[in-house]
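Subject: A structure for you, with some notes

Hi,

Here is the structure I promised to hand over. Please have a look at it first, and then read on for what turned up.

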Amino acid sequence: MIYTVTLNPSVDYIVQVEHFELGGLNRSVMDTKFPGGKGINVSRVMKRLGVDSTALGFLGGFTGSYIENFLKAEGILTDFVQVSGDTRINIKLKSGVETEINGMGPSISEAELDRLLAKIDSLDKEDAILFSGSIPSSLPPSIYAGLIQKCREKQIRVIADVSGESLGHVIKTGPFLIKPNHHEIGEIFGVKVETPEEAKQYGSRLLDMGVENVIVSMAEKGALFLNKEVSYFAQAPKGKVKNSAGAGDSVVAGFISGMAKGKSYKESFALGVACGSATAFSMELCTKQEAESLLGQVHVQSL
């Protein structure tokens with residue numbers, strides 16, 4: 001089984017206002033809400049591609065119930081730890097430009113963390129697990145590294161899509177795959193990464209540090225896939241970007257789905273790029289049909 005872990009999920013409340021007035025009364029012309037969180041996004045896209053996963057993490061309160069019911073309605077397996085606080089709400093205000101207000105999320109107790117650890121301890125080497133997204137403020141930045149180390153000891157294949165201080169900790173654990181963007185990989189080494197060649201240079205250094213596979217996303221410039229045997233570059237398909245949220249998660253979902261279906265690294269990478277672009281060109285996470293319609297535009301070449 002493939003597991004996705006979202007430590008700090010959210011209900012994403014998306015509101016569109018024609019002319020936002022600070023301090024005044026504003027009426028929305030459109031609003032909608034979705035389950036949020038990087039691991040949850042990956043599970044949702046994988047399900048649309050025909051690959052099952054089980055979503056793990058922390059949920060609480062009426063917002064947590066909304067997320068769980070939403071995922072179950074989509075046929076996604078869930079095994080969240082129920083916590084005493086309410087799952088956060090993230091507001092995305094669209095009015096010419098997009099403004100985001102992200103909630104803090106609930107405080108996670110030691111007992112609640114232990115319950116998640118027990119679920120992860122029950123996995124075996126036939127499983128794969130994804131850790132992604134932000135960390136609740138009550139947990140240390142090194143939490144992912146500790147969880148990954150437990151999985152590595154049991155020979156469980158680990159994928160990680162994290163950023164900031166957490167990414168530095170994760171790299172040291174030697175995961176199967178990480179997916180930094182070009183800004184994040186630049187931050188690791190204190191440089192600016194702007195070209196595929198530069199991304200390959202610094203991505204290769206991550207391989208030397210023990211990471212098995214690296215995907216570097218570069219927005220409209222495309223993406224790279226690297227391991228010790230191969231290095232690929234894929235130009236991003238052309239289209240109008242409507243919503244970049246979830247695009248990186250869709251890349252990960254496409255890649256994992258491809259691997260789960262027995263595809264090669266190259267084919268899985270191409271599917272990931274197609275999924276990421278399809279999500280960027282949509283107001284929501286991509287569908288299988290949207291991703292497949294772009295797959296022919298994804299040209300993967302050795303770099």
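Let me begin with the cysteines: searching the whole structure gives 0 disulfides, where a disulfide is a pair of cysteine sulfur atoms within 2.5 Å. Cys286 is in no disulfide, and its nearest cysteine sulfur, that of Cys275, lies 4.3 Å away. Cys286 is also buried, at 1% relative accessibility; buried here means under 20% relative accessible area, exposed over 50% and partly exposed in between, with a 1.4 Å probe and protein chains only.

Before you go further, a word on the source. This is a predicted model, in which local features need pLDDT of at least 70 and side-chain atom pairs count only at pLDDT 80 or more, while totals for chains, interfaces and linings use all residues. Residues are numbered from 1 along each chain as its sequence is written, and side-chain values use heavy atoms, with hydrogens and water left out.

Next, a helix pair. The axes of H3 (residues 110-121) and H4 (residues 143-153) come within 10 Å and cross at roughly 30 degrees. Axes are lines fitted to C-alpha atoms, for helices over the stretch in contact, with angles from 0 to 180 degrees between N-to-C directions. Helices are DSSP runs of H or I with at least four residues, numbered from the N terminus. H3 and H4 are therefore roughly parallel to each other, the term for angles under 35 degrees. Their crossing is right-handed, that is, the near helix is turned clockwise from the far one by less than a right angle.

Which residues make the contact of H3 and H4? From H3 come Leu113, Leu117, Ile120 and Asp121, and from H4 come Ile143, Leu147, Lys150 and Cys151, with contact meaning heavy atoms within 4.5 Å. By class, this contact has 6 nonpolar, no polar and 2 charged residues. Cys151 is buried, with a relative accessible area of 1%.

Finally, helix H9 (residues 265-280), where Ser277 is found. Ser277 is buried at 9% relative accessible area. Leaving aside neighbours within four places in sequence, Ser277 is in contact with Ala236, Pro237 and Leu294.

Not counting residues up to four places away in sequence, Ala270 touches Leu295, Val298 and Val300.

Best wishes

Technical notes. Helix = DSSP H or I, 4+ residues; strand = E, 2+ residues; numbered from the N terminus. Parallel < 35°, antiparallel > 145°, perpendicular 65-115°, else oblique. Nonpolar A, V, L, I, M, F, W, Y, C, P; charged D, E, K, R; others polar.
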